[in-house]
Amino acid sequence: MNTEHPVNRRWNMRQRDWAVVFWISFLSAAAGAFVLFGLLNPLDMINGWADEFDIGVRLAYGLAFTFLYLVCLLASALTMFMIRTGPSSGHVKGEGRHSIPEIHDPSESNPDLDGEDWK
Amino acid sequence: MSAQQGAGGSLYEKEAKVYPRDVKGTFASLRKLAMVVLLGLYYIVPWINWAGHQSVLFDLPARKFYILGLTFWPQDFIFLTLMLIIAGLSLFFVTAVWGRLWCGYACPQTVWTEAFLWLERLVEGDRNKRMKLDASPWNRNKILRKTTKQVLWISFALWTGFTFVGFFTPIRELGHSIFTFQLGPWETFWFLFYSFATYGNAGILREQVCKYMCPYARFQSAMFDKDTLVIAYDESRGEPRGGRRKSIIPSEQGLGDCISCTLCVQVCPTGIDIREGLQIECIACAACIDVCDQVMDKMSYEKGLISYTTEHRISGQETHLLRPRIFVYAFLLLALTAGVLWSVNQRVLLRADLLRDRNALYRELPDNMIENVYTLKMINMDFKQHQYRIEVVDNDDMVLFISPDPTLEPEEVGNFILRMQAPASAGHGSVKVDVRFSTMEEPIIERTVSTRFLMPYE
């Protein structure tokens, strides 16, 4: 078998994680914006600023979507971080895992501790 | 069946339930004291009144936050943001100096878990009794104890949920609504939701929250350095560990000071062995220090085999309390706190917003006068009624008419129509106008607001 040709690598785990974070956040923000603006008119909510900034409806949609996207990104990225950096002991089986701490009666190998309240 | 399962099952396994043993000692007493003070504040503060209001009340429908005699309006949102930043910085500072002090003594998860554990011990007994009870078949004793525990846990959780809602709805009215079955739907939802969250987190999940769910535990390594206080086992002194009689001299038997009693593991609320080294699961509650000191005492050894120390001290180097990151955190914390206190103290208890009438730029009146119409929104943020004087600053040409009479009750929001008139000869185009609002009564509260007066361009 010829192995001399360089192999095109696919993305590594971290790149795939970030791709999932960006895409799922996008879908969630889109669904959120869809439902939100199905129920509310953005111009009703920004009436107070209208004098100064004169925000049009398209810009209001865009800003709200961006805000929702950022919130979803933050939540997804934090979730990814929490799952990928969990403690190695007592959770994942196999290499790198601490063994379950051994527990026994203190007086078992220390007769002078016999009769104490920690049996 | 997936390939993973086919190759030998899931990579994950359920953890064994942790039955932390009760412990007595200096740090256990401090932890209990922290629990009593913090839970005491949580449950009692909403029942105390201050300056005619509940001492802490986040009145969302009225959009007013009452905090210890101060009223914060939506316009004061910046203070809330700054206070949150101060809280975050305080956590950074405390973590950099004292390590996971927050986790071990003050975190709501720790405090409520401690309270739930106390109730559990009260009904089911200490560690061994609880383990035996769980392993025994269901009988009258087990049903009775488990039911009693659940009743106590659920009652405590419901009281917690009730108090939580009491920070958002006046707690006395809330209590009355509950006893007369007139609780609103949203209050009912939050009451039950927070009760359930308390029960689930403190009764069921416990250490799993700290180990797998808490982001602070993961981020804290960024605040740690080798001079941060940690709880550590003195390996050089303790190893090799092993059981022995009290009468022997350990060094002659080739033993260290650790007698391998495993009590440090048994008291640990997260079920770890501190002798394995620094671990992310350690919440620094110091239960292992207390129990190890007791054992050392019994064996007539020097205390401190497990102790509060620093990585530098463990490796025989000097510990530095004062270091650059401490100065940076302390400086930011002091500057922000001083800034917020000064700003709150300087707050003007009057807000006024002038919004131009969007239907017409200006109106031409007889007598060659030009009129602009504004909607004036005023908020009296004081606890007293005020009548206001409204005048244009440094512009004698302008005449103001306001209706109705600008008088506001304490904490009242009022909307008024303000008409401003000036002779057409006074200017062209857009003219900047400063309008001053001041109270008729002493001490005078005043605020000046700028707006634009529009006139014909030609």
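Is T262(B) buried or exposed? What we have here is a predicted model, where local features need pLDDT of at least 70, side-chain atom pairs count only at pLDDT 80 or more, and totals for chains, interfaces and linings use all residues. Residues are numbered from 1 along each chain as its sequence is written, while chains are lettered from A and ligands numbered from 1 in the order in which they are written.

Okay, back to T262(B). T262(B) counts as buried, because 20 C-beta neighbours sit inside 10 Å. The cut-offs: buried takes 20 or more other C-beta atoms within 10 Å of a residue's own, exposed means 12 or fewer, partly exposed is in between, and the C-beta atoms are placed from the backbone. T262(B) sits in the loop between α12 and α13 of chain B, and its phi is near 65 degrees, positive although the residue is not glycine.

E411(B) is in the loop between β13 (407–408) and β14 (413–423) of chain B. With 18 other C-beta atoms within 10 Å, E411(B) is partly exposed.

Now the cis peptides. One joins E239(B) to P240(B), with omega about -10 degrees, and P240(B) lies in the loop between α12 (235–238) and α13 (263–266) of chain B. Another runs from E442(B) to P443(B), omega near -10 degrees, and P443(B) belongs to the loop between β15 and β16 (446–454) of chain B. For background, most residues other than glycine have a negative phi, and most peptide bonds are trans.

Zooming out: chain B has 16 helices and 16 strands, where helices are DSSP runs of H or I with at least four residues, strands are E runs of at least two, and numbering goes from the N terminus. Its radius of gyration is 32 Å, well over the 23 Å that the globule rule gives for 458 residues, so chain B is more spread out than a compact globule. That radius is taken over C-alpha atoms, and the rule is 2.2 Å times the number of residues to the power 0.38. The C-alpha atoms fill a box of roughly 110 × 60 × 60 Å along the principal axes. Of the 458 residues, 25% count as buried.

What about the cores? A nonpolar core here is a set of buried Ala, Val, Leu, Ile, Met, Phe, Trp, Tyr and Cys residues joined through C-beta atoms within 7 Å. The largest one has 40 residues, and I231(B), C264(B), C288(B), V291(B) and I306(B) touch the most other members. Among the elements that each supply at least two residues to this core are α5 (108–124), β6 (230–233) and α14 (287–298) of chain B. The biggest contribution comes from α14(B), with 6 residues. There is also a second, separate core of 16 residues, including Y388(B) and F453(B).

Leaving out residues up to four places away in sequence, S438(B) touches Y388(B), R389(B), I444(B), I445(B) and E446(B); a contact means C-beta atoms, placed from the backbone, within 7 Å. S438(B) is partly exposed because it has 16 C-beta neighbours inside 10 Å. And for a sense of distance, its C-alpha is 44 Å from that of F189(B), 249 residues apart along the chain.

Key: Two residues are in contact if their C-beta atoms, placed from the backbone, lie within 7 Å.
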